[in-house]
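Look at the sequence and the structure first.

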Amino acid sequence: MDEHRDPDHWKDLSSMEIAHSTYVRNAMSANEWHTRYNLAKFGKSVDRTEWDMQPQTYNAYYNPSNNEICVPGCNIIVPGYERVMADDAILYSIIGGGTFGHEITHGFDDQGCQYDEQGNLNNWWTNEDSTKFFTKTKMIVEQFNGYTAVDSLHINGEQTQGENIADLAGVMMGYESFKNTRQFKEEQRIAGLTPDERYFLGYAFGWMINMRPEGIASQVKSDVHSPAQFRVIGPLMDISEVYATFGIKSTDTMYRPENMRVKIW
Ligand SMILES: [Zn+2]
């Protein structure tokens, strides 16, 4: 596998019009530049060296055409821990699960599953596997359709399903990896918390975001990601270990009957 510290080619942004005018004008120019850039790709072969993000971007992505995940160095930071190393539970939940596990799963979500190992749109699944997979993804669509994000506005389970699948499998992937650490095996308590408590709380910690109701409403209508709050409670409500860790009972708000808990990967 290729490793790259920096992009092979830096994008030439010199034609992007940025001026000391207004923020909105600059944002529009940047959008316009990116739209033109993407339109220019039409009919050409895939550039497998392209980076869709800058090294200093706090984000990560999966690109089905390249069969790759891209995690800019900036994303290997735990908020609040810029100068010290967080404990394993936090590293494995936020970076292991929320970033690497999440991005890898995109290769096997409702969209990523349609691309073969060369990155081409080509159905490589048996009918039986597809049927089983889509029975499970239907459950996660229904789960998220049931969440009210703001006022009476529900999350769109169909629109957000790829991200919700990636979140759920990501948390589990990080958790399975965390089980191999010494901190987990020795059941080390830190600040009075067990490894399991720290792992799941750590995952939630990574999503502490403040948004105005208008921002949440706009996200629900236009974004493939569920609002941060539901990126935490959604997947965690599907994981039986969470119930055991926090002693969640059938009368609790975060309870989901066992037969409704989604497990895809
Ligand atoms: Zn994602």
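## Burial, core and helix pairs

Of the 265 residues in the chain, 29% are buried, where buried is defined as having 20 or more other C-beta atoms within 10 Å of the residue's own, with C-beta atoms placed from the backbone. The model is predicted, and local features need pLDDT of at least 70, side-chain atom pairs count only at pLDDT 80 or more, and totals for chains, interfaces and linings use all residues. Residues are numbered from 1 along each chain as its sequence is written.

The chain has 9 helices and 4 strands, taken as DSSP runs numbered from the N terminus (helices H or I, at least four residues; strands E, at least two). Their order along the sequence is α-β-β-α-α-β-β-α-α-α-α-α-α. The chain is as compact as a globular protein of its length, because its radius of gyration is 20 Å, close to the 18 Å that the globule rule gives for 265 residues. That radius is taken over C-alpha atoms, and the rule is 2.2 Å times the number of residues to the power 0.38.

What does the largest nonpolar core consist of? It has 36 residues, and those with the most contacts inside it are Ile140, Leu168, Ala169, Met172 and Tyr199. Such a core is a set of buried Ala, Val, Leu, Ile, Met, Phe, Trp, Tyr and Cys residues joined through C-beta atoms within 7 Å. Helices H2, H3, H4, H6, H7 and H8 each supply at least two residues of this core. The largest share, 9 residues, comes from H4. In soluble globular proteins, nonpolar side chains tend to be buried together.

Leu168 touches Ile140, Pro235, Asp238, Val262 and Ile264, leaving aside residues up to four places away in sequence. Contact here means C-beta atoms, placed from the backbone, within 7 Å.

Two helix pairs are set out below, with axes as lines fitted to C-alpha atoms over the stretch in contact and angles from 0 to 180 degrees between N-to-C directions.

| Pair | Axes come within | Crossing angle |
|---|---|---|
| H4 and H8 | 9 Å | roughly 60° |
| H2 and H6 | 7 Å | roughly 50° |

In the pairing of H4 and H8, Asn164, Asp167, Leu168 and Val171 in H4 meet Arg231, Gly234 and Pro235 in H8. In the other pairing, residues of H2 including Ala89, Ile90 and Tyr92 meet residues of H6, among them Pro195, Arg198 and Tyr199.

Terms used
A residue is buried if 20 or more other C-beta atoms lie within 10 Å of its own, exposed if 12 or fewer, and partly exposed in between; C-beta atoms are placed from the backbone. Two residues are in contact if their C-beta atoms, placed from the backbone, lie within 7 Å.
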